[in-house]
Amino acid sequence: MAALTFNFVSYAFESGLKMVERGYVAARDAILTEIDLIEAQARSYQQHVADGGEPIGEWEDGYLLWDQSQLYEAEISDAHEVLYEVRKTFIIALYHFWERAAAAWKGSEGSHAELAEYCRQEGYGPSPELDAVRCLANFLKHGSNSRCDWLD
């Protein structure tokens, strides 16, 4: 039987990726739980009004200025926007995690192409899709100035 050697580089990188993933899942789940809670409050309020309860809001000269259901809609919309921002943040974090790890393996900083080539030569990737992730991360950070105009 051949002796297998432990690959610390792979282990450390995979461990870090798992931590980033756990962070994303925790943030996502917390936001989704909050959305569920607000939606339940909105349904309860709608049932309260449907059952003849007094609506919560403000009227002026007989016109409704705002109603509690509008506040629930705004909170739900805001929570979905935050979830979108969390997704963007973690895309950027994942790419930069790889970039910093690759620079550490190489022993020096370098461009994406230099780091990717070093990793290829060492036999640890990267995935062919990594350049698309780089473009997406740069687009999310810098917009159309990211030199990845194909994402526009």
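Me: Before we start, what should I know about the model and its numbering?
Reply: It is predicted, so local features need pLDDT of at least 70, side-chain atom pairs count only at pLDDT 80 or more, and totals for chains, interfaces and linings use all residues. Residues are numbered from 1 along each chain as its sequence is written, and side-chain values use heavy atoms, leaving out hydrogens and water.

Me: What does pLDDT tell me, and what is the average for the protein chain?
Reply: pLDDT is the predictor's confidence in each residue, from 0 to 100. Here the average is 90, and 92% of the residues score at least 70. Confidence is highest in helix 2 (residues 68-106), with a mean of 96, and lowest in helix 4 (residues 130-142), at 89.

Me: How many helices and strands are there?
Reply: Helices (H or I, at least four residues) and strands (E, at least two) are DSSP runs, numbered from the N terminus. This chain has four helices and two strands, in the order α-β-β-α-α-α.

Me: Is the chain spread out or compact?
Reply: For that, take the radius of gyration over C-alpha atoms and compare it with the globule rule, 2.2 Å times the number of residues to the power 0.38. The chain comes out at 24 Å, well over the 15 Å that the rule gives for 152 residues, so it is more spread out than a compact globule. Its C-alpha atoms fill a box of roughly 80 × 45 × 20 Å along the principal axes.

Me: Which residues touch the most other members in the largest nonpolar core?
Reply: A nonpolar core is a set of buried Ala, Val, Leu, Ile, Met, Phe, Trp, Tyr and Cys residues joined through side-chain atoms within 4.5 Å. Buried means under 20% relative accessible area, exposed over 50%, and partly exposed in between (1.4 Å probe, protein chains only). In this core of 13 residues, they are Y95, W98, A102, L115 and C119. Helix 2, helix 3 (112-122) and helix 4 each supply at least two residues, with helix 2 giving the most, six. A second, separate core has eight residues, including I31, A79, L83 and F90.

Me: What about phi? Is the phi of D61 positive or negative?
Reply: Most residues other than glycine have a negative phi. D61 has a positive value, near 50°. This residue is in the loop between strand 1 (57-60) and strand 2 (63-67), and D61 is exposed, with a relative accessible area of 70%.
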